[in-house]
Amino acid sequence: MDLLGLTIKDVSEKLQAGVFSCRELVEECFVNIKRNDKKINAFLTLNEKEAFKKANEYDDLIKSNKEIFNKKPLLGIPIAVKDLYTTKDLRTTAGSKIIGDYYPPFDATVVKKLVNAGVIIIGKTNADAWGHGSSGENTDYEPTRNPYDLSRVPGGSSSGSGAAVAYGAALVGTGTDTGSSVRLPAGYCNLVGLKPTYGRVSRYGVIAMASSFDTIGHITRTVYDNAKVLEVTAGLDTYDSTTVPEKVSQYTKILGQNIKGLKIGLPKEYFVKELDNKVNNSIKDSLKILEKLGATIKEISLPHTNYAMAAYYILVPSEISSNLSRYDGVRYGQTREHFGAEAKRRIMLGSYTLSSGYYDAYYLKATKVRTLIKQDFENVFDKVDVLVAPTSSDVSFRHFFVSGQLGRYTGIKCSKRICRRSSGWDADNRPAIFRRVAL
Amino acid sequence: MTKKNLTKEDILHIAKLSNLKLADEEIEMFKKQLSSVIEYIDKLQEIDTEKVEPSSQITELTDVLREDRLDDKRTLTSGQALANTKSKEEQFFKVKAILID
């Protein structure tokens, strides 16, 4: 069996038809993990015993009740869970040493929903500690490597989830996206990543980075699979008062429909001169296909794009400094000197921008700029239906060290993604560049 | 862009606000790094925001309340809460003393 070639759709059909069992599927995942993960470091904790137990249970269930797939739409699907997601009795570190031995007494809402839908948790995946990073190098453990080229980063912060799906350790990887953390690993690992609209998926039980920005997304091989998972994770949760009471559509039913007349906007600020030619060309090629299918393409402008990064670097560290203040060494794990350099930098920056005498100049100012960025998006969505833009200005980069250079984040590479974050719109990252760009 | 130079005292003050103890080499490193970030974020001062309302969240939801009653599903018994800890005494988490004498 070649799990790498399968999608959720394939697996569901084959499990129903009895072509293979959940147990065989889980075995395949662990064979791949044992063969590869010493080099790739996608996982921080494996859930092997429990995964096999679940697989046996589900195999019996399928034998006795073929209709079970209607009740459990993700039955038997192996999933890799980012270590920021709280999982009952399964170690949850957030990629950090501060809570390196935390075994939570409860499940995050999304974990509960996925488990009720029948997924099998294979393990907990590596990440930049607390979600702080875009390469995976800021983990307090061994950094994850890109399965396509071990000398390159897999993208972060959901680094392990991207790598795990890419090398066939699972069919779905869960992620969190505050400033690109689902989209980047999906892009760098040639997968489909979704950063849902803020408020669409519950944050309850997912360790917080910046509460007004954090979104709960996932990485899959195909768009269909991605929509299928969102059908399970989306929806109002009374435990997260920022979730919206909007109906959850059957997203998979929307796929494959005619797109004649769809208006696509290309934000000109995102197509900068630093954009790698290979990335640019592959977007242009994809647009040609969309045009052939009947879509119209129009250049639009998001004039405050250039300020998004600066606003992000005030608002997000401010929320981080507040969220990480609870790790005081009394209630949870290790004392605060065990924070990595990146977490310390962000906590200090946030404490500064919120501090007496600076609040108005930085924090308040940035919340106003956030309004302007949001309005940019509202204005263009009067004119177009969707936007198409590069996830990043280049393909995966090669360096394996924690640079500690904040300057790195102020480059063009991050700022475009972060613009979309500040505004709260969703961003679906599709691997347009897979065939064109050899990593 | 105005050049920003945080001093050692600034860093120690920020570290105190952050409840962080820093080693000497960290003070030097953060002095340089935080100065450069603050210099960068100062670019927001170019924008006129006098007539702009702040956004602290983007859902437009307000006053989301729940009924004021106990929900068994979201509470843990002390047994459940303590089940995975290595450090407990009777019904309590055992932590290092914070106040001595």
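**Exercise 1. List the buried residues of helix α6 of chain A, then look at what follows the helix.**

Step 1. A residue counts as buried if 20 or more other C-beta atoms lie within 10 Å of its own, as exposed if 12 or fewer do, and as partly exposed in between, with C-beta atoms placed from the backbone. Helices (H or I, at least four residues) and strands (E, at least two) are DSSP runs, numbered from the N terminus.

Step 2. The buried residues of α6(A) are A:S159, A:G160, A:S161, A:G162, A:A163, A:A164, A:V165 and A:A166. That is eight of the eight residues of α6 (residues 159-166) of chain A, a helix that is mostly covered.

Step 3. Just after α6(A), look for A:G168, which takes a positive phi of about 85°.

A note before you go on: this is a predicted model, where local features need pLDDT of at least 70 and side-chain atom pairs count only at pLDDT 80 or more, while totals for chains, interfaces and linings use all residues. Residues are numbered from 1 along each chain as its sequence is written, and chains are lettered from A and ligands numbered from 1 in the order in which they are written.

**Exercise 2. Explain why helix α8 of chain A is described as largely enclosed, and find what its buried residues pack against.**

Step 1. Eight of the 11 residues of α8 (residues 223-233) of chain A are buried, so this helix is largely enclosed by the rest of the structure.

Step 2. Find them in the model: A:D225, A:N226, A:A227, A:K228, A:V229, A:L230, A:V232 and A:T233.

Step 3. Two residues are in contact if their C-beta atoms, placed from the backbone, lie within 7 Å. The buried residues of α8(A) pack against helices α1 (8-17), α5 (109-116) and α9 (251-254) of chain A, and against strands β4 (172-177), β5 (192-195) and β6 (215-220) of chain A.

Step 4. Just after α8(A) comes A:G235, with a positive phi of about 130°.

**Exercise 3. Work out the strand order of the open sheet of three strands in chain A.**

Step 1. Two strands pair if DSSP finds at least two bridges between them.

Step 2. The order is β8-β7-β9 (chain A), and the pairing is parallel. The edge strands, β8 (296-300) and β9 (386-387) of chain A, each pair on one side only.

Step 3. Now zoom in: β7 (residues 263-267) of chain A pairs with β9(A) in the parallel sense over two bridges. A:G265 stands opposite A:L387 in β9(A).

**Exercise 4. Describe the two domains of chain A and the contact between them.**

Step 1. Domain bounds come from an automatic or database domain assignment. For chain A, the assignment gives domain 1 (3-254) and domain 2 (263-426).

Step 2. Their centres, taken over C-alpha atoms, are separated by 23 Å. The contact takes 37 residues from domain 1 of chain A and 31 residues from domain 2 of chain A.

Step 3. On the side of domain 1 of chain A that touches domain 2, helix α7 (residues 183-188) of chain A gives the most, with four residues.

Step 4. For classes, Ala, Val, Leu, Ile, Met, Phe, Trp, Tyr, Cys and Pro count as nonpolar, Asp, Glu, Lys and Arg as charged, and the others, Gly among them, as polar. The side of domain 1 of chain A that touches domain 2 of chain A has 15 nonpolar, 15 polar and seven charged residues.

**Exercise 5. Which residues have the most contacts inside the largest nonpolar core?**

Step 1. A nonpolar core is a set of buried Ala, Val, Leu, Ile, Met, Phe, Trp, Tyr and Cys residues joined through C-beta atoms within 7 Å.

Step 2. The largest one has 105 residues, and those with the most contacts inside it are A:I79, A:I120, A:A170 and A:A311. Helix α11 (residues 305-323) of chain A gives the most to this core, with 11 residues. The core draws at least three residues from each of domain 1 and domain 2 of chain A.

Step 3. Leaving aside neighbours within four places in sequence, the contacts of A:I120 include A:C22, A:V26, A:A51 and A:I79.
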